[in-house]
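Hi everyone, thanks for coming. Please have a look at the sequence and the 3D structure on the screen, and then I'll walk you through a few spots.

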Amino acid sequence: MAQHQLKKHGTQGLSPSFSQKVLGQARLLRSQQHESIASQLGNWLGISENKAEQQFDKHLSELFAASHQPVPETIHSIPLIQSLDMGNYQDTRQQFMELLPEQQLAILQSLARAPDPLGLDQSRDYLTQWQTDIKKLSCNSGYSDHYSDQSVPDWSAFAIRQRAWQLFSYLYDCKVSAPQEALARVQLSSAINQRQMTDDDDEGLELNRVVTAFLPEVSSASEGASIELGSVDSLQPPVQRHRFNRDNIDRMLDAYSAIKKQVKDEFPRVFGHTIHDPQLQQELTGQVAIVCLEALKGRLSDNTEHWQSLVKNVLEEEFAEFNGLSSG
């Protein structure tokens with residue numbers, strides 16, 4: 001099992017400082033919530049500060065999306081925000097780039113002040129530097145004309161416009177796109193729980209992660225801005241979005257149900273009487289089913305014998321590993 005876990009999660013984790021920030025926000029949030037909600041948040045967080053860094057990565061979206069604060073109407077009423085909501089990236093970019101610096105600043109400040117439920121916004125220093133550079137450049141004669149007239153080949157003005165657009169798209173993804181993604185993952189968790197197809201919360205979270213990973217990825221606004229000429233390399237997109245299509249999700253959940261049933265049917269034949277603890281058997285069954293779903297890329301092949309054979313092989317591999325750990 002340890003080998004499979006390493007393959008799934010890799011070696012990347014959250015930094016200790018960011019982990020502590022998450023814990024601090026979680027404590028504050030729990031102190032402000034209704035008792036039942038606080039209890040649920042505590043279960044998601046795991047309470048202990050000594051959890052592995054990957055545990056934070058699993059729980060982060062569920063934890064903060066549960067207390068999701070709607071984006072203020074003052075933000076959604078901004079035409080440029082509405083345009084990005086509809087996926088009009090190029091038109092929105094052109095409109096934003098044509099605004100005067102003070103107009104861009106007003107929009108950026110409005111977004112910067114909006115709630116940041118996932119704690120993703122790391123743009124304060126970039127915004128401060130942008131304002132400083134604007135003031136320096138504004139000392140140049142005719143700066144406003146150069147800034148608003150894109151036909152003028154002024155690299156300094158263009159670079160500042162591009163940085164402003166990058167900040168705008170970054171803040172949009174932090175304050176609008178990321179909460180929407182997190183809320184969709186919570187809704188997926190709810191669908192998994194309603195179908196009662198997992199034996200514990202950890203299995204449900206892993207199934208959520210696998211299903212989400214196989215959904216089509218959606219390009220975010222900040223992803224497009226970050227690769228454009230004049231963008232700041234260190235201001236990276238804060239979120240990867242996915243298209244939560246119910247038909248695709250249902251097909252993967254149906255596949256998982258069939259796989260897990262096969263795992264349970266084959267488990268006694270492979271493991272025999274080597275495991276007496278029902279909870280450990282449940283955990284092994286769930287993890288084997290997750291491994292198989294990942295190997296099958298979220299779908300069952302038309303050849304039933306093929307995927308059932310895979311289930312048997314993975315079970316036998318896990319039994320050999322389990323025996324090796326037990327004897328060691």
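**A walk through the model**

Let's start at Ser177, which touches Tyr172, Val239 and Arg241, leaving aside residues up to four places away in sequence; a contact here means heavy atoms within 4.5 Å. Ser177 sits in helix α11, residues 155–194. Helices are DSSP runs of H or I with at least four residues, strands are E runs of at least two, and both are numbered from the N terminus.

A word on the source: this is a predicted model, where local features need pLDDT of at least 70 and side-chain atom pairs count only at pLDDT 80 or more, while totals for chains, interfaces and linings use all residues. Residues are numbered from 1 along each chain as its sequence is written, and side-chain values use heavy atoms, with hydrogens and water left out.

Is Ser177 buried or exposed? It is buried, because its relative accessible area is 1%. Buried means under 20% relative accessible area, exposed means over 50%, and partly exposed lies in between, using a 1.4 Å probe and protein chains only.

Stepping back, the protein has 16 helices and two strands, and buried residues make up 44% of its 328 residues.

Next, find helix α8, residues 101–113. Which residues of α8 are buried? They are Pro101, Gln104, Leu105, Ile107, Leu108 and Leu111. Looking down the axis of α8, these buried residues fall within an arc of 165°, so they line one face of the helix. That arc is taken from the directions from the helix axis to the C-beta atoms. On the other side of α8, Glu102 and Arg113 are exposed.

Now for two loop residues. Gln196, in the loop between α11 and α12, has a positive phi of about 50° although it is not a glycine. Gln196 counts as exposed because its relative accessible area is 71%. Lys297 lies in the loop between α15 and α16, and its phi is also positive, near 55°, in a residue other than glycine. With 59% relative accessibility, Lys297 is exposed too.

That's my tour, so please ask away!

Conventions:
The expected span of a helix is 1.5 Å times one less than its number of residues.
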